[in-house]
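Reader: Can you walk me through this one? Keep it short, please.

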Amino acid sequence: MTIQLPDGKGGLRTYEPRTEPLAVTTGAPFTSRTVFSAAHVVADPFADTTPDSPAAVDWDATLAFRRHLWSHGLGVAEAMDTAQRGMGLDWAGAAELIRRSAAEAKAVGGLIACGVGTDQLTGPATLAEVRAAYEEQLALVEASGAQAILMASRALAAAAQGPEDYLEVYGHLLRQSSEPVILHWLGPMFDPALDGYWGSSDLDAATDTFLEVIAAHPDKVDGIKVSLLEAQREIDIRRRLPQGVRCYTGDDFNYPELIAGDEKGFSHALLGIFDPLGPLAAEAVRVLDTGDVAGFRELLDPTVDLSRHLFQAPTRFYKTGVVFLAWLAGHQSHFTMVGGLQSARSLPHFARAYELADGLGLFPDPKLAEERMKNLLALYGVAQ
C-alpha cells in the first residue's frame, strides 16, 4: 500500500508506510535521568466554541494521554506551553487541568510537575500584581501536591525595568515556596513576548541574572529548564549551577547529546517533543540507565529530524504537530485543538510530519495512521 503526499512544491510524491510499529516495552523507573514530557491537552470537538472563547477540554482523553506517559515511566510536566498556556488555554482552564492531573498522578503513582505563571493577568500589570498572580498559581499547585515549575511571565517581561526586578520577584517566590521548584527560561522563539527576559536581550547578561537568582536560593531550586535551542549555552549554564541543582534540557533540537552528557555532566529532560516520542524516549533512557550511551544515541538520534520539523519557525506552533501526531497515533479521536490551532501548519508540513513519525515506528497502529492521513488529505482535495 502506498499513499500520495504533497511534496511541498505543488505536486505529489508516493510514500510507502511501514506496516509494523517500533517494538517498545515498559519497565522499571529510570535510574540515571529524571525525564518529564510536557503534555498536550485534547480539545472537546463537540463544544460550541470560537477561538476567543474559553477552552473546552475533553478531560477523559486528556487524562488518558497522561496515563499513557506515566505507563512508560515518564513524568508529566503539566500546564506548560505544550498544553497551549497563553495560546488557547486560559488560567481557569489551566487551573482545572492542574487539579485533575495532580489527582490522577496521585492515583496512579505518576511523577508530575505543574506550570506556575501569571496568565490570569490580561492587561498591563504592576510588579506587585505580577507577584500576586504568581503567588496565586503557586498556592494552587502546591495545594494539589504537585511540584511547581516557575514559568516565564509575559506580564513580568512587560513590567520589569531591569534585572533587579527579576531578582526581587523570583527571590520573593523562592523564599515562600514550600518545596524546591523548577525554574523555566523560555526563549523568544517559543514566545516573542518573552524577548529580553531576565532584564536583557543580551543572553550573556541574562544568563548572569538567571544564575544570580539560583545562587541566592539554591535550596529552593530543584532544577532549571532551559529552552533556548542553543546546546552550548545550555552546557555552559549547566556547568555553572550550584551543587545539587539539576539542568532539565528544554532544547528540542539537541536533546540526545545534552541528555547523554559529557565528562563534566549531563542534562535531565523536560521536553515537548517527548509527548509524541514518549514510548521511544523511555526505551532510550532505559538503555542509558545500563550505561550504554551509544545504544541510547542510536535510538534517540534518528528522532531529531522529526523534532526539528515540528519545532521549525514559527516555533510556537509546534503544538499543532504534536496534537496531529497524537491523533494519528490513536490517542484521540479527532484533530481539533483549543483555540482552533489545528490550522496553524500547512498540509505539506503535516505530510512530512507523518512520514518522519511513521519512519520511526511511532504509530502503534500504522494502518490507522495511514487511514487518518488519507482522510485529512481528502479534506484538502488530494485524491488517492
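**Strands, core and salt bridges**

Author: V226 stands opposite T249 in β9. This is a predicted model, where local features need pLDDT of at least 70, side-chain atom pairs count only at pLDDT 80 or more, and totals for chains, interfaces and linings use all residues. Residues are numbered from 1 along each chain as its sequence is written, and side-chain values use heavy atoms, with hydrogens and water left out.

Reader: How many bridges join β8 to β9?

Author: Four, between β8 (residues 221-227) and β9 (residues 246-249), and the two strands run parallel. Strands pair if DSSP finds at least two bridges between them. Strands (E, at least two residues) and helices (H or I, at least four) are DSSP runs, numbered from the N terminus.

Reader: Which helix goes with β8 and β9 in the β-α-β unit?

Author: Helix α7 (residues 231-239), and the unit is right-handed. That means the path from the first strand over the helix to the second runs clockwise, with the strands pointing away from the viewer.

Reader: And what does β9 pair with over two bridges?

Author: β10 (residues 268-271), in the parallel sense. Y248 stands opposite H268 there. With helix α8 (residues 255-260), β9 and β10 make a right-handed β-α-β unit.

Reader: Switching to the core. Which residues touch the most other members?

Author: L183, Y197, F274 and F324, in the largest nonpolar core of 119 residues. Such a core is a set of buried Ala, Val, Leu, Ile, Met, Phe, Trp, Tyr and Cys residues joined through side-chain atoms within 4.5 Å. Buried means under 20% relative accessible area, exposed over 50%, and partly exposed in between (1.4 Å probe, protein chains only). Helix α13 (residues 347-360) gives this core its largest share, eight residues.

Reader: What is F324 in contact with?

Author: Beyond its neighbours within four places in sequence, F324 is in contact with F335, F350, A353, Y354, M373 and L376. Contact is heavy atoms within 4.5 Å.

Reader: Salt bridges next. How many in the whole structure?

Author: A search finds 17. Each is a side-chain nitrogen of Lys or Arg within 4 Å of a carboxyl oxygen of Asp or Glu. In one of them, E78 and R66 have their closest N and O atoms 2.4 Å apart. E78 is in strand β4 (residues 75-78) and R66 in helix α1 (residues 59-71), so the pair ties together parts 12 residues apart in sequence.

Reader: Are E78 and R66 buried or exposed?

Author: Both are buried.
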